[in-house]
Every structure is written in structure tokens, then in C-alpha cells.
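Student: Please take me through one part of this model in detail: the sheet that involves both chains, and the contact around it.

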Amino acid sequence: MFPGLDIMSSSQSLASRRDVLIGVTASLAVFSFPRAAIARPSLEEALRAFTGGQPINDGRVKLDIPPLLENGNAVGVTVDVESPMTPQDHVRRIALFNEKNPQADVAVFHLGPRSGRARVSTRIRLATSQTLVAIAELTDGSFWSSRANVIVTLAACIEDLS
Amino acid sequence: MTARALINAPKTARKGEVIEIRAMIAHKMETGYRQGPNGQMISRDIISHFVCTYGGVEIFSADLYPAISANPFVSFSTIATESGTIGFAWTDDRGETQTATAEITVS
């Protein structure tokens, strides 16, 4: 389906050369993009910071995003969480995180019993093909999440103006 | 600087009904990760916080990051409880706030 991906697996012998190339590219990046080079937390670290180390369960959250995108500059995302949204049992926060943008955070939405329905939409930027995570915090302190893989052909965020 | 804000909320609703509110504001949401033609980084300038109030009480808020698209759009729900004003406030990195309002009649 995606012929470009085969290259990665079929070139074991080129591994050392590739490592050198990656090293060179990385050091160049350090010099040319001082701000972007500040190591961003990984997706898992960002999730842990959000949950405070609490376990994350799969389910209850529906992350709706097109799987294949032409343009990463404005991607419609909808997050839907199964919840009765009563004062005793509702969604407190819904957060979105990404894997490969320059910054892991996308947005944090604060909801309450007056929301009526735990559903939010927004439009986001994606720098490259990557995984997105939606995570919801409920009133009982539990965390629920859902992931989506997205393929982006035209990236956002890091393009230069010239 | 006042930017154009677009609000889409029902003008009338039945009491207890869940209504959807959509809000957008014109803003470039400069990420701080782009280089200008002179090779200098373009400094970050984004709307970082959005709040919606209903009858003066906060019902929804959002923390936004550079990964939100230009002209940030947010859609969410609330329960129509009373006739009154729904207020919207967008705050940028420099702490400047822009507001908009919508009236709703609840029967």
C-alpha cells in the first residue's frame, strides 16, 4: 500500500551509513533550528505528565480524524467520550497529544456537568504522518484514551517562509 | 487589535436541551517554529486560552498550543438552562483578551 515503507526494512546493510547520516542531520538541525532542537517530550512522557502517572485505559473515547490528509495545516478533529455527564459522573478534561510535531501538546479542553455532552471539535496542524492520542479524565480520576494514525502529504508547522 | 470572531449558536432552545456552540476567531496562530525569509525565527504569537461563559458562569475552556490551526476553531456543547448571554473570550500570549457574545432565548 505504501511502497516507500519497504525501503526501511530492506536495507539492513546500509544501517551504519544511515546512522551516520542521521547523526549528521541531527547535528545540523541543532545548529539551524535552535528552538525546535530543544528536545520535546515523547508522546508517552507527555501523556504521563497529563495523567500524573495514573494508568490509562483503552476505550470510551472516540477520536475522529481523516486517516489520509493532503494538507496538515488544518485538520478537523472530533473527540467524543462516552459519559452520562451528570454532576457525579462527567468528563473533566479532554486532551489531545501528537507524536511528531515540534511540541507534544495540541489542546486541553475543560468540561463540566453543564456540557451536556462530552464532544469537542477543533482544527489542528500536523507536521508529518504520525500518531494522535485523545485522552479523557473523568470525575472518578480514571483516564481513557484512543489513538489514531494519520498520513500527511503536505506538512504544517515547520515550513519556512521564503 | 480587534479580530473578527464568528459564533455559531442557536438563538432559541428548549430548557434542558443540549446545544452545540461553535466559535472561531481570526488569528494567525504563529507557531514560533518557522523561519522568515531572513533566516530569523518568527516569534510565537498564538491564542493560548479560550473561555466560554453562560450567564456569567464558566461552562467551557480550552488551553491551546501552536498545533492549533490558524483562525482557531472550537466546537463544544452545553445545556440550555436559561435565557441570557453566552460570552466568549480569547486570550493571546501577551495577555490581551478579545471577546464576543451571543444571546439565547430558552423556553
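Tutor: What follows goes through the sheet strand by strand and then turns to the interface. The model is predicted. The open sheet is built from 6 strands, paired antiparallel, and its order is 2(A)-4(A)-7(A)-6(B)-3(B)-1(B). Its edges are strand 2 (61-64) of chain A and strand 1 (5-8) of chain B; each has a single partner strand, so one side of each is left without a neighbour in the sheet. From one strand to the next, the twist averages 15 degrees.

Strand 1 of chain B runs antiparallel to strand 3 (residues 18-25) of chain B, and 4 bridges join them. In this pair, B:Ala5 stands opposite B:Ile25.

The chains meet within the sheet where strand 7 of chain A pairs with strand 6 (residues 73-79) of chain B; this antiparallel pair is joined by 2 bridges. Here A:Thr122 lies opposite B:Val74.

Now the interface as a whole. Chain A contributes 35 residues to the contact and chain B contributes 37. About 3,200 Å² is buried between chain A and chain B, with carbon and sulfur atoms giving 49% of that area. On the side of chain A that touches chain B, strand 6 (105-110) and strand 7 (119-124) of chain A are the elements that give two or more residues. By class, that side of chain A has 16 nonpolar, 10 polar and 9 charged residues.

Notes
Residues are numbered from 1 along each chain as its sequence is written. Chains are lettered from A and ligands numbered from 1 in the order in which they are written. This is a predicted model: local features need pLDDT of at least 70, side-chain atom pairs count only at pLDDT 80 or more; totals for chains, interfaces and linings use all residues. Side-chain values use heavy atoms; hydrogens and water are left out. Two strands pair if DSSP finds at least two bridges between them. Axes are lines fitted to C-alpha atoms, for helices over the stretch in contact, and angles run from 0 to 180 degrees between N-to-C directions. Contact means heavy atoms within 4.5 Å. Buried area is the accessible area (1.4 Å probe) that two parts lose on being put together, summed over both. Ala, Val, Leu, Ile, Met, Phe, Trp, Tyr, Cys and Pro count as nonpolar, Asp, Glu, Lys and Arg as charged, and the others, Gly among them, as polar.
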